[in-house]
Amino acid sequence: MAKPQIATIVLFCAVVAALLCAFPAPVSAAREIKKGFIVRGRVFCDTCRIGFETPASTYIAGAKVKVECRSKTTGVKNFEGVTDRTGTYNIQVADEHEHELCETVLLSSPDMSCAKFVRGRERARVFLTHNNGLSSDVRFANAMGFESETSLASCAKLLKMYEQDEV
């Protein structure tokens, strides 16, 4: 009687071992291999000419933007896009760029009355690697802006609001 029990135990162990070896294969095959990114951001018009977004800022449709990735070994790679009616761009960027310096860069504004770059807001760095703990393929860039030729009349009141100290 001992021999059939040993055979059953050996058979059971063999089946369990086979299942344990085979289980990771479907899981690995089901995992998605990530190949690229979507870089998302907004382009604003600084209508108060103060160098940053305010409640008076508007967003520019049709602004041209690029994602520029630079490396000493691979050179420069560019990916271009245009903002939608809400001033938002979504630029598809292929591949990993873990060892490259990538930035979104303003190119041009279709609004000639708001076409001068806001100093310090004409580029924004983005990290384009899957080796950073983020599960999403969407990377958000800081808003970039153009400066209006003239300030709105309501900007003086808005600036007073920023000057107040809260106690």
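Two strands pair if DSSP finds at least two bridges between them. Strands (E, at least two residues) are DSSP runs, numbered from the N terminus. The model is predicted: local features need pLDDT of at least 70, side-chain atom pairs count only at pLDDT 80 or more, and totals for chains, interfaces and linings use all residues. Residues are numbered from 1 along each chain as its sequence is written, and side-chain values use heavy atoms, leaving out hydrogens and water.

**Stop 1: the sheet.** Select β4, β3, β6 and β8. These 4 strands form an open, antiparallel sheet in the order β4-β3-β6-β8. β4 (75-82) and β8 (123-126) stand at the edges with a single partner strand each, so one side of each has no neighbour in the sheet.

**Stop 2: β3 and β4.** β3 (residues 64-71) pairs with β4 in the antiparallel sense over 8 bridges. Pick Cys69; Lys77 in β4 stands opposite.

**Stop 3: Glu68.** A salt bridge puts a side-chain nitrogen of Lys or Arg within 4 Å of a carboxyl oxygen of Asp or Glu. Glu68 forms one with Lys66, closest N and O atoms 3.2 Å apart. Glu68 is buried at 10% relative accessibility (buried is under 20% relative accessible area, exposed over 50%, partly exposed in between; 1.4 Å probe, protein chains only). Arg123 also bridges to Glu68, at 3.8 Å. That pair links β8 to β3, 55 residues apart in the chain. Shared partners join Lys66, Glu68, Arg70, Glu103 and Arg123 into one network.

**Stop 4: Arg49 and Glu147.** Their side chains meet in a salt bridge (3.5 Å, N to O). Arg49 is partly exposed at 37%; Glu147 is buried at 14%.
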